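Please look over the sequence and the structure shown here before reading on.

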Amino acid sequence: MARELNEDSLLPCPFCGEYPTPKEELDDNDSRIYAIEHECNIYMTTGWDHDKRTVIDAWNRRT
Ligand SMILES: [Zn+2]
């Protein structure tokens, strides 16, 4: 399976090979927060963080 970073610098899921969906929301203080979530045979999430790079790195370490 090819393990190449996509345009969001994310690695594909090690189980199904699909790329996860980066999510973006505003927290209670209207400050932007990010998370990477993916669901296939198990549900994976990095949790929310104010730094997009942090969640990308968290995802890529896990895969
Ligand atoms: Zn998957």
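The notes below go from the overall picture to the sheet, the helix, the core and some single residues.

This is a predicted model, in which local features need pLDDT of at least 70, side-chain atom pairs count only at pLDDT 80 or more, and totals for chains, interfaces and linings use all residues. Residues are numbered from 1 along each chain as its sequence is written. The protein has 1 helix and 3 strands, and from the N terminus on the elements run β-β-β-α. Helices (H or I, at least four residues) and strands (E, at least two) are DSSP runs, numbered from the N terminus.

**Overall picture**

- The radius of gyration of the protein (taken over C-alpha atoms) is 12 Å, close to the 11 Å that the globule rule (2.2 Å times the number of residues to the power 0.38) gives for 63 residues, so the protein is as compact as a globular protein of that length.
- Taken along the principal axes, the C-alpha atoms fill a box of roughly 40 × 20 × 15 Å.
- Buried residues make up 14% of the 63 residues; a residue is buried if 20 or more other C-beta atoms lie within 10 Å of its own, exposed if 12 or fewer, and partly exposed in between, with C-beta atoms placed from the backbone.
- Among contacts between residues at least 6 apart in sequence, 24% join residues at least 24 apart; two residues are in contact if their C-beta atoms, placed from the backbone, lie within 7 Å.

**Confidence**

- The mean pLDDT (the predictor's confidence in each residue, from 0 to 100) is 93 for the protein, and 97% of its residues reach 70 or more.
- Among the elements, β2 has the highest mean pLDDT (97) and β3 the lowest (93).

**The sheet**

- An open sheet of 3 strands has the order β1-β2-β3, with antiparallel pairing; two strands pair if DSSP finds at least two bridges between them.
- β1 and β3 stand at the edges with a single partner strand each, so one side of each has no neighbour in the sheet.
- From one strand to the next, the twist averages 30°; axes are lines fitted to C-alpha atoms, for helices over the stretch in contact, and angles run from 0 to 180 degrees between N-to-C directions.
- Strand β1 (residues 21-26) pairs with strand β2 (residues 32-39) in the antiparallel sense over 6 bridges.
- Across this pairing, K23 stands opposite A35 in β2, and E24 stands opposite Y34 in β2.
- The number of buried residues among the 6 of β1 is 0, so β1 lies largely in the open.
- Strand β3 (residues 43-45) pairs with β2 in the antiparallel sense over 3 bridges.
- H38 has M44 in β3 as its bridge partner, while E37 stands opposite T45 in β3.

**The turns**

- β1 and β2 form a hairpin with 5 residues between them.
- D30 lies in the loop between β1 and β2 and has a positive phi of about 60° although it is not a glycine.
- D30 counts as exposed, because it has 6 C-beta neighbours inside 10 Å.
- β2 is joined to β3 by a hairpin through 3 residues.

**The helix and the core**

- Helix α1 (residues 52-62) lies across β2 and β3 and runs at about 20° to β2.
- The largest nonpolar core has 5 residues in all, namely L10, I36, V55, I56 and W59; a nonpolar core is a set of buried Ala, Val, Leu, Ile, Met, Phe, Trp, Tyr and Cys residues joined through C-beta atoms within 7 Å.
- The largest share of this core, 3 residues, comes from α1.
- In soluble globular proteins, nonpolar side chains tend to be buried together.
- I56 touches D8, S9, L10 and I36, not counting residues up to four places away in sequence.

**Two further residues**

- S9 lies in the segment before β1 and has a positive phi of about 65° although it is not a glycine.
- With 13 other C-beta atoms within 10 Å, S9 is partly exposed.
- R62 is found in helix α1 and counts as partly exposed, with 14 C-beta neighbours inside 10 Å.
- R62 and T46 are 16 residues apart along the chain, and their C-alpha atoms are separated by 8.9 Å.
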